[in-house]
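I opened this entry to record what I looked up, going from the whole chain down to single residues. The notes follow the order in which I checked things.

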Amino acid sequence: MRIPTTTYRLQFNSQFGFADAAAIVPYLDSLGISDLYASPIFQARKGSTHGYDVVDPNQLNPDLGTVEEFEALVGQLQVRGMGWLQDIVPNHMAYDSANRYLMDVLENGPESEYVGYFDLSWNSPFDDRQDRILTPLLGNFYGSCLEHGEIQLHYDQNGLSVNYYDLKLPIRLESYTRFLTYNLGKLNRELGRNHPDFIRLLGIIYLLKNISPELTGKQRPDQLAFVKGLLWEAYTSNVAVTEFIDENIKVFNGEVGNPESFNLLDSLLADQFYRLAFWKVGAEEMNYRRFFTVNELIAVRVEDPKVFKTGHQLIGQMVESGHFTGLRIDHIDGLYNPAQYLKWLREKMGDVYITVEKILELQEDLPQDWQIQGTSGYEFLNYVNGIFCCQDNQSQLDEIYRYFTGREKPYEQLVKENKHLIIDKNLSGDIDNLAFILKNISRKYRYGNDFTMNGLRQAIAEVLALFPVYRTYIDEGEMSEIDRTRIQEVITAAKANLPLIQNELNFIEKLMLLEFDDSLTQTEKERWLHFVMRVQQYTGPLMAKGVEDTTLYVYNRLLSLNEVGGNPDHFGIALADFHAFNQHRQTHWPHTMNATATHDTKRGEDMRARINVLSEIPTEWEEQVRIWREINRDHRRSRRGRAIPDANDEYFFYQTVVGAYPFPGAEMDFVDRVQAYLIKAIREAKVHTAWLRPDLDYESACAGFVEKVLDPTEPNPFLEKFLPFQQRIAYYGMFNSLAQTLLKLTAPGIPDFYQGTELWELSLVDPDNRRPVDFQQRQSYLDEIQAKIHADLPGLLTELLAHKTDGRIKLFLIRQVLKARNQYLELFRQGSYRPLEAEGTCCDHVIAFARAHDRQMAIAVVPRFLTTLIQPREDPIGEGPWQDTLLPLPENAPTTWTNALTGEALQTSGAMLVGQALRCFPVGLWIGHS
C-alpha cells in the first residue's frame, strides 16, 4: 500500500481543469507534496463548481478537460513519484437530466432496469399512482409555473420530453398515445385514411397501446427505441405529420393568460411516473432519500451489489492501472451499511489507501473493524484549534456574550431545538417515511397495534433530536456496547421529555436494540433491522443540518470553535487531552489525515487562528465591542422596535471581520465578500430569515449595515477604532497559524493542505473558500525562498520575520518541514509520540512533543497565548521572552540536534531551553540521532 507523505487538495471545476493542475505539479513536487488530493472528477451536472453532483460515475467530467489532458496530468505525477488520492461519492447523484440512470427510471417506472439504483421506494411509489416520484425542482408552485408557460412539452429524435429551463424530463411512452391521438382527425382529413404515412402513424399508436408489461431485460429498451425511431421517421419524412406533431406541441403548451389551455399538458404530466413540484415541497413530502436536505442530490442504493458494481467500474479501473493510489469516501455515514460497503470496496480495490469523511465527536472513535486508514481529518482540526483557545477565560467570554446579546440559552438546548426545527421545516417528509415504516411494523403486534402515526412520529423525532453522535453502526452483525449504551441513554432522555408516549419509545428501544421476540419470523427480524438501518441514515443529516448548518450560526460565543465536527460548548482543549488524542491516533490510526482547512470548513484556518486570540484578552475584547456597537448605532435599522442586525448577528459580524480582515493591500472585494457571507450565515441561522422563507428586508438591512460599517472612505470612526485592534489580533494570529501548521506537519497522521493554504488563508465559508488560487505567486515565492535558503538562510529568516504579512514565512515553514518529513519518513510515519511538559516561567505558553523511531528523534516546539508574552511587532524568539522555560527531554534522548527549519545546531544535556529551541524562528523542529 502506498501511504501518502502529505496531500494537497485541489478543487476541480470548469475554470481549473486537468491542464491547469498539470501546470502546478512541478510546484507541488518542489514544495514537498507527495500526493494530489482531487475533488470528484467524474461527469457532473453541467457547470458544477464542486463535482459532488455526479451524473455518471463511469465517465470523466468533460468540463475538466479531455481524456488526453487527464492522462498527461497523471503522467506528470507518476514521473515524479507522486500519488493521486481521489474523492469518490457513493451516496448520491445529481437529480438532473444528464443522469441517464435516473431518467430511465422516470421514463419507465417499475420496468426500468435501474429501478433499484436509487433510494426512492419507501412508500412504494409505483404501487400507488398517487405517490409518484417527487421532482421538487420548480422555482414556484407547480400551477403557477405551468400557467406562466415555464413548463413546456418538446419533441426531438429522443422522443417527447417536458422542459423546465435546464431541466429536461422524459415522457413515459405509454402516454404518447394521449398526445398522438389529439386532433388526429385533422391529419386524417389532410392525408386520407389510406395514406401510407397515416397508416404508419396508426401502427405506431397501436404499438404504443399494446406495449407488453412483461418485457424483461433489454427487451423494453429495445422496443421503446424501435417505436421512437418509427415516430421520428414519420415526423421527418412527411410535412403533414411534422406540422401535426408541431401543432400538438403548441396546443399542449398552452397560452399564457388562458389557464384552461394548459389542461392538456397538466393531464399529460399527471400520467407520468414523476410529479413536478415546487422545491419547498421537498421539505414536507419526500419519497426519495436525499443528500442532507438537498433536493437536487438523490441517494443511491450502493448497498445493492449490482449498484455497487455499476458505480465503481471506472474507479476500479483507475486503481488497478495505478492512476488512483488512494480513495477518500464522501459522506460514509449516509450509506445504509457503511461496514459492508467498506468491505466490498476493499475487496474490489485491493491494498490501496482509503480514508473516509467522518465527523467524530470528542472522545468518539472510528469502528475498529473498518478496513481503512482513517478519516479526512476533521477531528484533528478541532483538537489542534482547541489548544489555542485559552480555557481559563471561559467564564469571562460567557459573560461578554450574554451581556452583548442577551442570550442565555445553553448550547445543548439550542442543539435540540434546532434539530427539531430541521425536522419540522426541512426533514418533515423524511420523518413521515420513518414513521410509516415503523407503523407497518408495530401494527403486527398487540402491544403496538394502537400506536398512531402521530405518536410514532413524535417519538422518532425526539430520538433523532437527542442523538449525540452522527450515527450508530448496527447491522446484521453483533451490536457494539458503545452503540447499545448510546441508544439506551437517548431513549431514557426521550422518555423524560415525552412522558405521554412511553410505550412508543419502549417499542423503538426494543427495535433499535434488536431485542427480537421468540415468535418473530426471519422476515419480521429483517423488517426490524431495516427500520434501525434507516434511522441510522438520518441521525447524520440531522446533526449536519441542526448543528453545523444552524446552531453554529446561532451560538456565537467564540466563532473559532464553530467548526465542522466541533463542539463550541467545549471551550478549548486541554493540552493533556491533545497529547492523549495524538497518542491514540499513533497507536490505532497512524495514517489518518490531519486537516486544518477543507472545502467544507466554516472559515479559513488562519482566520480561526486570529479569533482564538480573543480568548486571551476578554477584557479588551469586551471594551472594543462596546465601543463599536455605540459607533455603529446609527447604521442599524429599526423594525417594529427591534434593531437590524440584532445583537447576536452583530456580535457574529465583529468576530468575522476581526478574523477575516485582509492584510494591507488586499481589501479590494472584502465588503462584497462579507455581505454575501453574512446573508448566508443569517439564513443558515434560521432566526430572522431562512432559505425556505427569506426575509429580504432583514437581509437588505444587514447588507447595508456591512457596507456602511466597512466604508473605506474618510472619515470612518469605526475603522479608526477597529483597525489598530484588528491589526494587533492579526499579528498574534500569525504565530498561532505557524504553530498549528507545524503541529499538523509533525503529529501522527498524514498532513493535508487545502488549496492555497500555504500562504495566509482568511477565507469564509464556501463559495468564498473556492475562489481561484494564485499559483503563479506561490511558485514565485517558493523559487525565491529556495534560492535564498542555499545562498543566505540567516538573511532569509530575518527578511521573513520582517515581512510576515505576505505569507512567505508560512510557505517557508511548510517547505522546510516537508523536506524533513521526506528525509525522515519512517520517523514521522511510525515514530512513537511522547508529550513534553515545559517547566519554568512561561511553561503554559509552550506546546511540545517528541517523535522517536529507532535511533532518531524529532522534537516539535511551538508557542501559544502570546499576548502576555510579547508586544506587537516583537517575535517570540530568543531567551528574552522565554526566560528560564525549558523542556525536559526523554531518557536516552540525543544530545546533538539540528533545527530542520533554520539549520542551527544545538547541544543538550537532559533538557532543551525554549529560548534556544526558538532562537531564530517562532516555531522549532529539531532532529537528533543517538
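I counted secondary structure elements and got 33 helices and 28 strands in the protein chain. The radius of gyration is 31 Å, close to the 30 Å that the globule rule gives for 930 residues, so I noted the chain as being as compact as a globular protein of that length. The model is a predicted one, and I kept that in mind throughout.

Next I took the extent along the principal axes. The C-alpha atoms fill a box of roughly 105 × 70 × 65 Å. I then looked at burial: 62% of the 930 residues are buried.

Among contacts with a separation of 6 or more, 74% are between residues 24 or more positions apart.

Charges came next. I found 92 positive and 126 negative side chains. How far apart do the centres of the two sets lie? The value is 2 Å.

Open sheet. I traced a sheet of three strands, open, in the order S6-S13-S12, with antiparallel pairing. Strand S6 (92-94) and strand S12 (290-291) are the edge strands, each pairing on one side only. Between S6 and strand S13, which covers residues 294-299, I found three bridges in the antiparallel sense. Within S13, Ala299 is the residue that stands opposite His92. As a reminder to myself, strands of a sheet pair through backbone hydrogen bonds, either parallel or antiparallel.

Strand S5. I looked at residues 83-88 and asked how many of the six residues of S5 are buried. The count is six of six.

I followed the pairing of S5 to two other strands. Strand S2 (residues 35-38) runs parallel to S5 and is joined to it by four bridges. In that pairing I noted Trp84 of S5 as the bridge partner of Leu36. Strand S14 (residues 326-329) also pairs with S5 in the parallel sense, over four bridges. There the bridge partner of Ile88 is Ile329 in S14.

Asp56. I placed Asp56 in strand S4, which spans residues 54-60. Is Asp56 buried or exposed? Its relative accessibility is 7%, so Asp56 counts as buried, the cut-off for buried being under 20%. I listed its contacts, leaving out residues up to four places away in sequence: Phe42, Gln43, Met93, Arg100 and Tyr101.

Thr746. I found Thr746 in helix H28, residues 717-746. Thr746 has a relative accessibility of 1% and therefore counts as buried. Which residues is Thr746 in contact with, leaving aside neighbours within four places in sequence? I recorded Val817, Arg821, Phe828, Phe849, Arg851, Ala860 and Leu925.

Technical notes:
Residues are numbered from 1 along each chain as its sequence is written. This is a predicted model: local features need pLDDT of at least 70, side-chain atom pairs count only at pLDDT 80 or more; totals for chains, interfaces and linings use all residues. Side-chain values use heavy atoms; hydrogens and water are left out. The radius of gyration is taken over C-alpha atoms; the globule rule is 2.2 Å times the number of residues to the power 0.38. Buried means under 20% relative accessible area, exposed over 50%, partly exposed in between (1.4 Å probe, protein chains only). Contact means heavy atoms within 4.5 Å. Lys and Arg count as positive and Asp and Glu as negative; His and the chain ends are not counted. The place of a charge is taken as NZ of Lys, CZ of Arg, CG of Asp or CD of Glu. Two strands pair if DSSP finds at least two bridges between them.
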